[in-house]
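I opened this notebook to record what I looked up in one structure. The sequence and the model are placed below for reference.

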Amino acid sequence: MAKKPNKLKARLPRGFVDRSAEDIRATDEMLAKIRAVYERYGFDPVETPAFEYTDCLGKFLPDTDRPNAGVFSVQDEDEQWMSLRYDLTAPLARHVSENINEIQLPYRTYRAGWVFRNEKPGPGRFRQFMQFDADTVGAPGVQADAEMCMMMSDTMEALGIPRGQYVIRVNNRKVLDGVLESIGLGGEEHEERRLTVLRAIDKLDKFGTDGVRLLLGEGRKDESGDFTKGAELAPEGIDSIIAFVSGTGTLDNEGITELNTMAEIFSACGYGEDRIKIDQSVVRGLEYYTGTVFEAELLFDVTNEKGDVVQFGSVGGGGRYDGLVKRFTGRDVPATGFSIGVSRLMTALKNLGKLGTSDVVAPVLVTVMDGDVTALGRYQKMVQDLREAGIRAEMYQGNWKKFGNQLKYADRRNCPIAIIQGSDEREAGEIQVKDLIEGKRLSEEITDNITWRESRPAQVTVKETDLIATVRGILDGQAEDRQRQNEG
């Protein structure tokens, strides 16, 4: 006797999520608000593919230069390594480099897209997530960096995050470079150790000063037992860096001068420290930043996965990266930009009640009482008439012979209205319109079947010519009821 084949088990890959209609609509709502700010600042959209040749990402991979370290990679038919993009910045640098003679500099552009990390997933840590970036390529002055910070501030407020619940924190990598040189980490031979230091400092908000000390020294073991090797700095070097990020260290170099210039621009434009603040603890973990770095941080408290009340923290950041385009062209092409973590920011907005408050109404359902071709055409025409009037509608596509199932479907679908036309109504040129929302409410009040049948609650019979006006009137009434409930 032959064995039955095993069923294929449906399973979602670790670190990835399915997105519901609610999440997708909430994301679209948020992206539209961000896009409106970018457009107002004079930025134009561009789109790059999800895959890039791995060497275009190069040393800016999250771990090392190995093709699958931190990224998802495959080889094409020419045995060249391609990787799913790790961020949206390196692909932009490649795009600008390839089109440098056609692009008008400064090039002001924005783009939203999925990025991928081949890293260990965990609570709130995914292998695929969306970013929304804005960049200015070809502008060397810190005024371009200042504009990025002001645009990020305007974006937070356009999303409904009030002042006092966010801050844009600004620093300059030239300041940190001076500190690293002072402890003997200057020059190309220390490039990898510098990157380890940068990533350690970037974890300050997550692990605190003690955790960063461990990462700057021998290393740190997390709660799962995984060990992260540290930068192995000497104690005096660790003390210098901790003093720097704590704001107690002193240094006078080009980075400090640039920060002072930006502070003057913010002040002149009316952006006080309640919106944009100079903060020496901001680092950004990637090596390619060459000057100003900044982060958008939310200041309100939320409850995390463990039930602890914590500050929400960073939802985006960026900085100046003057060397990325030069890798391809050999030309100095200055650039600055910032990136918003879409999923994380969406979570924050939901916590504030600023997103997804406008519910999408389910479609009006046209039921099917007869399945012949003529009748189906007539029902579909009703649906098309409703759609052309701007009303969301669908015709029941299941087994029409069991009418009770159609109403069960409408109930599960949360349909606001059911349209019913049997042979008697058709001969009379009439249609029954059933307000399912009001019907559900009345059904909770009427417990007697006789009363229910006699009252036929929330159902009216109208002429076919009055269908659109009747449906729209019921939908408007339902919308008013929802608004009263929300205000109450």
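How many residues does helix α17 have, and what distance does it reach from its first C-alpha to its last? I noted first that the model is predicted. Helix α17 covers residues 467–487, which gives 21 residues. I found that α17 reaches 31 Å between its end C-alpha atoms, close to the expected 30 Å at 1.5 Å a residue.

I then looked up burial along this helix. The buried residues of α17 are Leu467, Thr470, Val471, Ile474, Leu475 and Gln478. They lie on the same side of α17, because their arc around the axis is only 125°. On the other side of α17, I recorded Ala469 and Glu487 as exposed.

Next I turned to a sheet. I found an open sheet of 3 strands in the order β2-β4-β3, with antiparallel pairing. The strands β2 (51–53) and β3 (73–75) stand at the edges with a single partner strand each, so one side of each has no neighbour in the sheet. Neighbouring strands of this sheet are turned against each other by 35° on average, direction ignored.

Strand β4 (residues 81–84) pairs with β3 in the antiparallel sense over 3 bridges. Glutamine 75 stands opposite tryptophan 81, which is in β4.

Finally, I noted values for the chain. Its secondary structure comes to 17 helices and 18 strands. Of the 488 residues in the chain, 44% are buried. The accessible surface comes to about 25800 Å², and carbon and sulfur atoms account for 48% of this surface.

Conventions
Residues numbered from 1 in each chain as written. Predicted model: local features only at pLDDT ≥ 70, side-chain atom pairs only at ≥ 80, totals over all residues. Heavy atoms only, no water. Pairing = 2+ DSSP bridges. Helix = DSSP H or I, 4+ residues; strand = E, 2+ residues; numbered from the N terminus. Axes fitted to C-alpha atoms, helices over the stretch in contact; angles between N-to-C directions. Expected span 1.5 Å × (residues − 1). Buried < 20%, exposed > 50% of the residue type's maximum accessible area, 1.4 Å probe, protein only. Arc of directions from axis to C-beta. Areas by Shrake-Rupley, 256 points an atom, 1.4 Å probe, with all protein chains shown as cover.
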